[in-house]
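Hello,

Here is the structure I promised to pass on. Have a look first, then read my notes below.

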Amino acid sequence: MRVRQATPADAPMLARVHVDTWRATYKGIIADSYLARLDYRAGEERWRVSLTESPDSDASRGRIVLVAEHEASGVVGFAAGGPNRDKDTDCDGELYAIYVLPEHQRRGVGRMLVAAMAKSLLEAGLHSMVVWVLAANPSRRFYENLGAREIKQRKIEIGGQQYDEMSYGWPDLHMLSRSLQV
Ligand SMILES: CC(C)(COP(=O)(O)OP(=O)(O)OC[C@H]1O[C@@H](n2cnc3c(N)ncnc32)[C@H](O)[C@@H]1OP(=O)(O)O)[C@@H](O)C(=O)NCCC(=O)NCCS
């Protein structure tokens, strides 16, 4: 398994990981009708456009997308991060998304992606990191396991429904990075 920067050629697999992992993770949390409408093709197009944009464009300024690539199965997970989009919290960096295909979870891929993201954010001059997670998502234990502290809560709307969301933060990316070195 290796972690590398995503390229536009990864768009189909990024869309697959995104849709399949959303469906598996949010079944029973987010409405079935919403999950059924998730679309590989539309996702692929969005990824292709965003990964083709110049790194300096407004849409992608500072955004980092990393993929975890398995020798035999290809891309099995990804993480996206960059400057914090919510200026209300103290963290300057943010993990925007992290998804690992269900059949590859709990084998250390998520840890590898977080380690690589922490390193990339540090290289980009950022010092801390926040992540938002649905309160009902059991994966929040993943962040707790990595030493993140709960910061605050908010409501978000997905498909016309309100959900509780909470943020976790790592105030010191150097410390997180060191704790993830094997
Ligand atoms: C969250 C996620 C990225 C973690 O990646 P992963 O490769 O499964 O995680 P790792 O194998 O590196 O896990 C490291 C540790 O985190 C904890 N952990 C990970 N997922 C967990 C879960 N669902 N429930 C409880 N603990 C979890 C465990 O302590 C695990 O160690 P262990 O397996 O030895 O007990 C992945 O499970 C995933 O994609 N989940 C679904 C999508 C999702 O919820 N993404 C986050 C949206 S904010």
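This is a predicted model. The protein has 6 helices and 7 strands. From the N terminus, the elements run β-α-α-α-β-β-β-α-β-α-β-β-α.

Overall dimensions next. The radius of gyration is 16 Å, which agrees with the value near 16 Å that a compact globule of 182 residues would have. Along the principal axes, the C-alpha atoms fill a box of roughly 40 × 35 × 35 Å. Of the 182 residues, 32% count as buried. Take the contacts between residues at least 6 apart in sequence: 64% of them join residues at least 24 apart.

Now the sheet. The 7 strands form an open sheet, with mixed pairing, in the order β1-β2-β3-β4-β5-β7-β6. The edges are β1 (2-5) and β6; each has a single partner strand, so one side of each is left without a neighbour in the sheet. On average, neighbouring strands are turned by 30° against each other, direction ignored.

- β5 (residues 129-134) pairs with β7 (residues 161-170) in the antiparallel sense, over 6 bridges. Methionine 129 has tryptophan 170 of β7 as its bridge partner.
- β6 (residues 149-158) also pairs with β7 in the antiparallel sense, here over 8 bridges. Glutamate 150 is bridged to tyrosine 168 in β7. Isoleucine 158 stands opposite glutamine 161 in β7.
- The hairpin of β6 and β7 has 2 residues between the strands. Glycine 159 takes a positive phi there, near 55°.

Then the ligand. Which residues are closest to the ligand? They are Gln105, Gly110, Arg111, Ser139 and Arg141, out of 19 residues that surround the ligand. Four elements each supply at least two residues of the shell: α1 (11-26), β4 (93-100), α4 (109-123) and α5 (140-145). By class, the shell has 7 nonpolar, 8 polar and 4 charged residues.

Best wishes

How values were computed:
Residues are numbered from 1 along each chain as its sequence is written. This is a predicted model: local features need pLDDT of at least 70, side-chain atom pairs count only at pLDDT 80 or more; totals for chains, interfaces and linings use all residues. The radius of gyration is taken over C-alpha atoms; the globule rule is 2.2 Å times the number of residues to the power 0.38. A residue is buried if 20 or more other C-beta atoms lie within 10 Å of its own, exposed if 12 or fewer, and partly exposed in between; C-beta atoms are placed from the backbone. Two residues are in contact if their C-beta atoms, placed from the backbone, lie within 7 Å. A residue is near a molecule or strand if its C-beta atom, placed from the backbone, lies within 6 Å of it. Ala, Val, Leu, Ile, Met, Phe, Trp, Tyr, Cys and Pro count as nonpolar, Asp, Glu, Lys and Arg as charged, and the others, Gly among them, as polar. Two strands pair if DSSP finds at least two bridges between them. Axes are lines fitted to C-alpha atoms, for helices over the stretch in contact, and angles run from 0 to 180 degrees between N-to-C directions.
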